[in-house]
Amino acid sequence: MLSLPLGCFAFETYLPRIADPVLEPWRWQEMEELGGLGVLCMDEAEDGALWFGCVGGLARYDGTRIERVPFDEELLSGIARRNPNREPWGISVLCPRDGGLLALVESGLARWKNNEWEVLIKDVECGPSYESRLAQAPDGSVWLLMEDILWRFSEDLSERRVIMRPAADQRFSSFCFDERGDVWVVRNTRQRTTELMHLPSGPAGPKDKRAWSVHQVAVKIPARESCVRAGPNGKIWYVDNSSGNGVLAFDPNTETWETRENPESKKGYFSLIKDRDGTLWAGGAGLLYAARESGDRYYSPSSLGLPNIPLTLHETAAGKWWVIGRGGFVYAMDPGERQWLTYEGLHYECETADGKQWFITSNRRVVSRDPASGEWLLHKLADDIIDWPRSLFASSHGLLWAAGSHRDRAAIGVFDGEAWTRYEH
């Protein structure tokens, strides 16, 4: 039986469902070659190479191979070590924009350049901890935060000064820069309070202390580890390792705190980043939390399949994720759509000569995509297509063929670029 098209056809617009890349296990790659190095931290150099601070040395990864840089005896003899009975920790690394590499090794600050170590500060006056962090400000200056001290270095490292020290009953736990270059520091007190300090920037660093301000963080349960990052709209985002505080944002304009309403946000977190799309990602014990204007999402340890340990998140300039699990586990994941993209409920069949891509849905409907225009169309029964297509293939004559059945009878459909014609057997 031949069924001929009788009139105009208006295919329905189709909206594909794109799979969440974070939940696609095949995207996650455990970097076993880094697994035995005791990775603690990382940073990305201008040439795209990744540098990792490890137990006993550094590691450089250029995408194909790993190069080890050990902490040699000359370096170790020139820095302070508060725990000399263990292997030295490279607790924080920084790749400045002018080249070279800075590393916080135990309690000493050193520079690796031209394959040689140079000790910059023998003792930064504090022992290493997971809160220790090197970072470069928008003006090029280099900052180092330790629990008991905050340092600032000129861009060429020729000048350095201590910005502030906490009181005897206080400690620092995190800091960040906002878009203006202002510095925000988290300070904890033994009175079990948490404060967010604002240090406005000036031409030669932070302004006078009289311009500083202190804001109480709206936490319910005091925590030891915290992380702050500048987010969209000038807000400063805060997380900590307490399971009851959740994800918070401070608005400097109104001096008020916002708490994410999603109950799943009430977890403990150890790291926080803002990705290239403006989404804030918090890393917890094997879990992730995404805070975005379009809606938040919680990723449980069971859905990710990651170890149930504190996670530190990094995003490279190319948009690739690197996740460091405390204990040395390292994972890489590419969430981008340029190379791989998964459409839920669609099975790719073929491509016709005009460049259109053809799919069959999970409920046996035909869908086309025009890459040139980005248009998706659903081909319905009213368009005279067969009701149970099993496969599609393109012929050398420029036709699309659909093989399957129609009303429980063997049938094929032929699409000439304008309309379908159905043949029943």
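Is Arg 82 buried, partly exposed or exposed, and what is its relative accessibility? Arg 82 counts as partly exposed, at 45% relative accessibility, where buried means under 20% relative accessible area, exposed over 50%, and partly exposed in between (1.4 Å probe, protein chains only). The structure is a predicted model, in which local features need pLDDT of at least 70 and side-chain atom pairs count only at pLDDT 80 or more, while totals for chains, interfaces and linings use all residues. Residues are numbered from 1 along each chain as its sequence is written, and side-chain values use heavy atoms, with hydrogens and water left out.

**Salt bridges**

A salt bridge is a side-chain nitrogen of Lys or Arg within 4 Å of a carboxyl oxygen of Asp or Glu, and by this rule the count comes to 23. Three of them are listed here with the closest N to O distance.

| Asp 123 | Arg 82 | 3.2 Å |

Asp 123 is partly exposed, with a relative accessible area of 28%. By contrast, Asp 384 is buried at 12%, and Arg 422 is buried at 9%.

**Strand β33 and its partners**

Strand β33 (residues 329-333) is mostly covered, since four of its five residues are buried. β33 pairs in the antiparallel sense with β32 over five bridges and with β4 over three bridges, two strands being paired if DSSP finds at least two bridges between them. Trp 322 stands opposite Ala 332 in β33, whereas the bridge partner of Trp 28 in β33 is Met 333. The hairpin of β32 and β33 has three residues between the strands, and Gly 327 takes a positive phi near 120° there.

**Nonpolar cores**

A nonpolar core is a set of buried Ala, Val, Leu, Ile, Met, Phe, Trp, Tyr and Cys residues joined through side-chain atoms within 4.5 Å. The largest has 19 residues, and those with the most contacts inside it are Val 124, Leu 134, Leu 144 and Phe 153. Strands β9, β10, β12, β14 and β15 each supply at least two residues of this core. A second, separate core of 17 residues includes Ala 45, Leu 75, Leu 76 and Leu 101.
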